[in-house]
Amino acid sequence: MVYILGLNFTESILVKKALQSFFGIGTDTSARLLARYHIHPTCKVGELANKQVLDLTAALSDMKIENDLRRQVLDDIKRLRETGTTRGRRHALGLPVRGQRTRTQIKTAIKLNRVDRRL
Amino acid sequence: MVSPFCWGCLTPLRQTSRTILPSPSTAVSRGPAFHTSAALQFMGRPSQGGKKGSTVLKFRQPAVAAMKKKKKFVEKARPPPVGERKAIRKRIVLSNPNALEVEGLQELSEETMVDSRLRGTALALPVPMLDQLRAVQAFKPKQGWSIFRRPCTVLRRETLELGRFFDNVTGDVERRGAVIKKIVGGARKSGKSVHLLQAMAMGFIKKWVVFTIPEAQELVSATSSYAPLSEENPNLYVQNEATAALLSRTVAANKDVLSGLRVSQNHPTVPAAKPGMTLEDLAKTGAQDQASAWAVFQALWKELTATGPAPGLEKHYTPRPPILVTVDGLGHWMTESQYRNAQFKLIHAHDLVFVRHFLSLLKPGQDQPSLPNGGALLYATSTTNNPPYVYTLDVALKQVAARDAGVEPSSPQFPQPEPYSKTDPRVFEVLESPKSKHAQEGRLQHQILGGVTHDEARGFMEYFARSGLLQETISDGWVSEKWTLAGGGVIGELERIGKRLRVAA
């Protein structure tokens, strides 16, 4: 078991996957993080040296990820709503925001677009 | 309003007078007689809220008794344990007890490897050597070793030439310390990897030190650890895991030779290297401790290429044997690797010190030959496993051949890349090998393995027949036909023909 940013990961999973489990880190960010600390892409969490784990944790703690990022996204939607923009209104109505047609195929928008969006 | 017609079959519904309608209690049990329309269903519709367990059907409830499906018991097969599938995929089978034992089969030995009378015959690899060859991963999983009683290789012209070279370097005083440097090329299935295997076998026979890189791709495919070499050289990268693997391969295969040699140089960077310890122990420390693997490898290389002892360590020094280095799949080293640097740029394969070390041997040495105690560098290209773009290597190899043939680089006959083509200057630079100052050091050559001759093909086919795999009368005409079918004696294609199962009609 290895702790990265306070979370516990089993040794058998890839470092890349462990990083991508954080909200706000996708394929590109994780690949860049690995390259920055010279970790090869097929490296498992158990193969990391202590220093590399500490480096990764330090880098992650500087980034805006997880709850900070969630809060920012919600704040952005709220701001749009409060300034009365179309985008904000569409969020509040649960309708597509970016000019899509609404005759059909808006299930995703109905499901997700809220002012207090589920993230 | 209820329609007077049945919706199902458009016939008028029977009008039933109220007087002959049965009482509601019996009407419940009577289902619709002939029609399926809503009208009749409505007539027979029971009151809502029937008791549980009664036969009363709800609206649109199927009247068919629900059959309970028996749950099928599905046996869940567990996936095989971690690593087992890969082990099966990479398994190398060297013996088939069903194949016939070939009578009068000779083994590869010091005498037979230079005997030109045996040209075209299959020679068996000595059984004690198989462990060594396995240790250096000389056998590849897809080669057809598993259909014969024991592994054999054909003594072809190129093998004999190589055998004579090995014999001369070890035996002949004048040729002692000679070095050949070859890039082995050739068509698909022309026997490049087996040529390397034969060289390794000869190296083991002659007690050389054999270093092998069985898959050059593994060094650049970003599947093992890497790190910057040092603070001073942030753009060079060391691969400790791969170096430790190389050391452990080398120790396992060259145990006898390395245990007879002792540390006789000073190694300030490797505290583990004590004067007088055997080179086997030295290499083992690197194989076990990955962090020091590269430093230990450098120390080992310094020891093996030493021509004399360091002052004060004379009693530990014995003359060093020649070295054989083989690399399979050179194309992967001639482009950018899959590793990335801290700026997320791809690292060129030549910036990995492991790769750089073995490629630098192709250049002539400055003060002394690159292998001062003699030896051979055999680097094979591949036709089926290459990085996407190897155009530069193709041109560079043509240039190597031209330089070897005496064409001046300034002459118009000297091969040049197509104008506007994308080329990699680092590849040209690394394969640009001028003539060495040292007489013993040969020039870099590009050896192309072609097809075998008719005689060699006949010997090869006879070996199949004597192993019981080929049930044909081997005549000159038959061999000639198969030689042509095999693209002019390409040995891998001959093998396909030889092992094809024939059923008598």
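This passage describes chain B of a predicted model, from its overall make-up to its contact with chain A.

Chain B has 505 residues, and 37% of them count as buried. Its secondary structure comprises 17 helices and 12 strands.

Strand β4 of chain B covers residues 179-186. This strand is mostly covered, with 8 of its 8 residues buried. In general, side chains of a regular strand alternate between the two faces of the sheet. Both faces of β4(B) are covered. On one side, B:Val179, B:Lys181, B:Ile183 and B:Gly185 are buried.

Two strands are joined to β4(B) by bridges. Strand β11 of chain B, residues 375-380, runs parallel to β4(B) and is joined to it by 6 bridges. Here B:Val184 stands opposite B:Ala380. Strand β12 of chain B, residues 441-449, also runs parallel to β4(B), with 7 bridges between them. In this pairing, B:Lys182 has B:Gln445 as its bridge partner.

A separate description applies to strands β1, β2 and β3 of chain B. These 3 strands form an open sheet in the order β1-β2-β3, with mixed pairing. Strands β1 (106-107) and β3 (152-154) of chain B stand at the edges, each with a single partner strand, so one side of each lacks a neighbour in the sheet. Strand β2 of chain B, residues 122-124, pairs with β3(B) in the antiparallel sense over 3 bridges. Within this pair, B:Ala124 stands opposite B:Cys152. Helix α15 of chain B, residues 454-466, lies across β2 and β3 of chain B. The helix runs at about 160° to β3(B).

Helix α10 of chain B spans residues 279-288. Its buried residues include B:Leu279, B:Leu282, B:Ala283, B:Thr285, B:Gly286 and B:Ala287. The elements that cover the buried residues of α10(B) include α8 (240-253), α9 (255-259) and α11 (293-304) of chain B.

Chain B also touches chain A. In this contact, 12 residues of chain B meet 7 residues of chain A. On the chain B side, β6 (227-228) and β9 (336-340) are the elements that give two or more residues. The residues of that side divide into 7 nonpolar, 4 polar and 1 charged.

Technical notes: Residues are numbered from 1 along each chain as its sequence is written. Chains are lettered from A and ligands numbered from 1 in the order in which they are written. This is a predicted model: local features need pLDDT of at least 70, side-chain atom pairs count only at pLDDT 80 or more; totals for chains, interfaces and linings use all residues. A residue is buried if 20 or more other C-beta atoms lie within 10 Å of its own, exposed if 12 or fewer, and partly exposed in between; C-beta atoms are placed from the backbone. Helices (H or I, at least four residues) and strands (E, at least two) are DSSP runs, numbered from the N terminus. Two strands pair if DSSP finds at least two bridges between them. Two residues are in contact if their C-beta atoms, placed from the backbone, lie within 7 Å. Ala, Val, Leu, Ile, Met, Phe, Trp, Tyr, Cys and Pro count as nonpolar, Asp, Glu, Lys and Arg as charged, and the others, Gly among them, as polar. Axes are lines fitted to C-alpha atoms, for helices over the stretch in contact, and angles run from 0 to 180 degrees between N-to-C directions.
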